[in-house]
2 protein chains.
Amino acid sequence: MALVVQKYGGTSVGSVDRIRNVASRVARVYDEGNSLVVVVSAMSGETNKLVALANEICEFPDTREYDVLVSSGEQVTVALLAMCLKSMGYKAKSYLGHQVPITTDSAYSKARIEKISDRKMRKDLEEGTIIIAAGFQGVDSGGNITTLGRGGSDTSAVALAAALKADVCEIYTDVDGVYTTDPNLCSDARKIERISYDEMLELASLGAKVLQIRSVQFAKKYSVDVHVRSSFNDNPGTLVTKEDKKMESILVSGITYAKDETKIAVRRVPDKPGIAASILLPLADANISVDMIVQNVSEDGSTDFTFTVCKADFKKALMITGEVAEKINARDIQTDESISKVSVVGLGMRSHAGVATKMFQTLAKEGINIQMISTSEIKVSVVIDAKYTELAVRVLHDAFGLANKDVKPE
Amino acid sequence: MALVVQKYGGTSVGSVDRIRNVASRVARVYDEGNSLVVVVSAMSGETNKLVALANEICEFPDTREYDVLVSSGEQVTVALLAMCLKSMGYKAKSYLGHQVPITTDSAYSKARIEKISDRKMRKDLEEGTIIIAAGFQGVDSGGNITTLGRGGSDTSAVALAAALKADVCEIYTDVDGVYTTDPNLCSDARKIERISYDEMLELASLGAKVLQIRSVQFAKKYSVDVHVRSSFNDNPGTLVTKEDKKMESILVSGITYAKDETKIAVRRVPDKPGIAASILLPLADANISVDMIVQNVSEDGSTDFTFTVCKADFKKALMITGEVAEKINARDIQTDESISKVSVVGLGMRSHAGVATKMFQTLAKEGINIQMISTSEIKVSVVIDAKYTELAVRVLHDAFGLANKDVKPE
């Protein structure tokens with residue numbers, strides 16, 4: 001008898017039939033003698049529909065009201081799934097974010113979980129009730145509804161698993177697990193059986209799309225084993241877990257790419273202390289995440305300051321940066337909306353040099369120009385022209401021998 | 001400077017353009033120096049869409065989860081309207097039922113308001129914030145979401161007006177006010193300028209569809225003046241208010257009909273004390289409202305017991321009554337799903353006899369058979385074959401001279 005947290009994404013609950021399918025899965029696990037907390041997303045397409053309504057009303061919808069709006073999507077799914085289980089004769093009960101409560105800060109649309117009360121849920125679990133919890137949403141200390149940002153349901157699931165000290169957290173999605181790269185680009189991409197939190201963090205943040213980055217941070221912090229698997233079959237997926245020796249022996253575990261970024265270059269800014277902060281602070285205040293940052297060496301006392309933000313934040317970031325650029329006497333701003341970021345990730349890099357070199361050589365051989373470079377302990381990322389994305393991913397996947405199972409460190 | 005509560009129904013907020021139209025109306029009233037609480041329903045069609053999803057899942061959806069599901073409709077509208085007003089430069093803030101909070105009992109889908117806290121709202125109003133409140137929904141003492149039943153947004157509006165001691169409560173809808181009968185059936189139906197709470201109660205409960213019955217009870221209890229008017233023009237509508245001398249001089253103020261009822265007859269039940277209760281109690285326990293009840297005189301120690309319930313409750317009521325009928329040895333059950341109830345309503349009836357007689361004569365002259373009769377101090381209702389509904393309404397409207405403004409009591 002275990003306490004299992006399961007999370008089903010929008011595609012898995014995208015229709016009444018699929019909700020029934022989820023209910024059968026849940027019922028099966030319950031009948032095997034387990035306690036269950038099931039976290040669900042909005043039906044696929046619903047959140048987009050709500051966002052479209054908001055954008056029809058105005059260009060920059062108020063963020064408090066935006067969260068009230070989009071959180072209604074999960075409210076529909078929890079009710080339908082709980083109804084379905086009850087009609088099958090099971091004890092089930094839906095929980096909205098404010099009913100748990102899942103307390104967050106007040107950063108609407110990007111809220112962070114601060115505390116989860118397990119009291120009410122535990123009582124229901126003890127009585128044999130299956131809990132259906134709305135993912136993605138929380139409530140701040142003032143009783144306002146908040147959301148955790150796109151993909152936040154993964155975070156809800158892992159956070160609930162941590163709060164309830166669940167035995168396992170299963171993330172059901174429409175893919176079989178985490179692959180060495182996007183199988184749509186590389187037909188010989190391979191499913192990874194086990195991966196460390198740190199590698200998964202790099203893969204997720206770089207666009208693996210399978211698991212939301214913040215959920216992995218949560219999982220790492222509270223040592224929650226996360227099993228990513230498909231809701232359409234019973235195949236084992238990928239286990240995201242603590243690092244072990246065997247993982248270290250693999251040089252590169254995956255190649256990822258992200259096409260949803262844009263580049264903003266503030267050109268010819270005076271090269272003096274405080275300039276970087278004066279550009280980045282207003283963006284942080286507006287809750288815009290800056291990803292890569294590059295500052296070139298100084299020339300004639302001025303320099304170029306370049307960074308990337310995700311496409312959704314581009315307009316707002318450009319507006320804010322424009323104001324700053326005027327204040328600090330920059331010459332102009334250049335933007336590029338058709339870039340992509342390609343990265344190689346692997347724990348093995350920490351103890352083996354040469355990964356970056358091999359990456360750059362491989363790209364150069366194909367005539368792909370590198371616009372920006374950024375590195376961490378276990379990944380190397382480059383920004384390239386978006387049109388070379390697929391080519392870059394394929395040649396790198398091949399160069400690092402990812403299609404074969406037994407890759408030896410060089 | 002007044003405190004105005006406005007309520008907009010589903011048709012008035014049925015699209016982004018219509019929400020913009022509502023926002024302009026609200027802004028105009030605010031600019032005139034008033035404080036505003038705006039109550040909104042779900043976008044027209046949305047609640048039906050949600051109900052259809054529930055019915056696709058199962059025949060009798062769990063009521064707790066049903067309320068979680070359908071309350072999401074109002075959540076969408078409050079967010080969109082608040083967003084719209086904010087984008088126009090106004091201070092606005094959405095309130096869900098549990099955020100006010102509007103505390104109700106736990107009778108899901110038919111909950112009754114027990115208490116409204118005005119503390120948070122008052123503070124916002126004092127700061128000049130326009131409050132956009134979700135109609136139809138509340139929260140019980142256990143933190144569960146409840147709904148007030150179809151049309152419950154009217155009740156939300158009147159209850160908020162009472163709690164905040166508002167100067168006026170305006171109910172915006174897609175008609176110009178309350179008519180002497182359905183203008184679609186009678187082209188010479190006339191708009192009523194002022195009507196008493198009691199008459200409105202009879203009109204509303206009998207199917208006038210303009211104002212939910214419970215909202216009128218609330219208005220009467222707390223003496224809230226309710227102005228029913230159209231959201232598509234600036235015409236004055238109908239004021240529902242305290243009874244005055246002039247109103248009493250009108251014999252009949254309106255003819256209404258209801259086609260959403262069904263008849264269940266339990267035939268040949270033993271005529272002994274406790275039989276009526278044994279039939280009605282299980283229905284009450286299942287939260288099914290029984291409307292008309294008729295028990296015929298006894299014959300051979302047994303009698304027929306007939307009642308009507310609304311179409312939505314029919315299946316459930318029949319199931320429950322079937323079980324009871326077996327227990328009490330009734331001969332059988334007969335049902336009729338194609339009936340309608342036609343009623344004449346008027347304060348003047350209290351002091352003038354002959355209204356019922358005139359009604360029965362008028363129907364007889366057209367060959368319309370009366371199946372059941374029920375009377376109150378200010379109304380007479382009959383159940384007839386549904387196919388005669390339109391004819392009955394027209395001849396009665398004519399017989400009581402409602403098309404003419406100055407009807408003298410006989």
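In this predicted model, 27 residues of chain A are in contact with 27 residues of chain B, two residues being in contact if their C-beta atoms, placed from the backbone, lie within 7 Å. Because 100% of the interface residues of chain A are also interface residues in chain B, the copies meet through the same surface. Local features need pLDDT of at least 70 and side-chain atom pairs count only at pLDDT 80 or more, while totals for chains, interfaces and linings use all residues of this predicted model. Residues are numbered from 1 along each chain as its sequence is written, and chains are lettered from A and ligands numbered from 1 in the order in which they are written.

**The side of chain A that touches chain B**

- Helix H2 (46-57), helix H3 (63-70) and helix H4 (72-87) of chain A each supply at least two residues of this side, where helices (H or I, at least four residues) and strands (E, at least two) are DSSP runs numbered from the N terminus.
- The largest share, eleven residues, comes from H4(A).
- By class, this side of chain A holds 16 nonpolar, seven polar and four charged residues; Ala, Val, Leu, Ile, Met, Phe, Trp, Tyr, Cys and Pro count as nonpolar, Asp, Glu, Lys and Arg as charged, and the others, Gly among them, as polar.

**Helices H2 and H3 of chain A**

- The axes of H2(A) and H3(A) come within 10 Å and cross at roughly 145 degrees; axes are lines fitted to C-alpha atoms, for helices over the stretch in contact, and angles run from 0 to 180 degrees between N-to-C directions.
- A:Thr47, A:Leu50, A:Val51 and A:Ala54 of H2(A) make the contact with A:Tyr66, A:Leu69 and A:Val70 of H3(A).
- Six nonpolar residues, one polar residue and no charged residues take part in this contact of H2(A) with H3(A).

**A four-stranded sheet in chain A**

- An open sheet of four strands with antiparallel pairing has the order S15-S16-S14-S17 in chain A, two strands being paired if DSSP finds at least two bridges between them.
- Strand S15 (290-295) and strand S17 (332-336) of chain A are the edge strands, each pairing on one side only.
- Strand S14 (residues 261-270) and strand S16 (residues 302-310) of chain A pair in the antiparallel sense over eight bridges, and A:Val269 stands opposite A:Thr303 in S16(A).
- Helix H11 (residues 314-327) of chain A packs on the sheet and touches S14, S16 and S17 of chain A, its direction making about 0 degrees with that of S14(A).

**Strand pairs in chain B**

- Strand S9 (residues 168-173) and strand S11 (residues 226-230) of chain B run parallel and are joined by five bridges, with B:Thr173 opposite B:Ser230 in S11(B).
- S11(B) is also joined by three bridges to strand S12 (residues 238-241) of chain B, and these two run antiparallel; B:His227 stands opposite B:Leu239 in S12(B).

**Chain A as a whole**

- The secondary structure of chain A comes to 13 helices and 20 strands.
- The C-alpha atoms of chain A fill a box of roughly 75 × 50 × 30 Å, taken along the principal axes.
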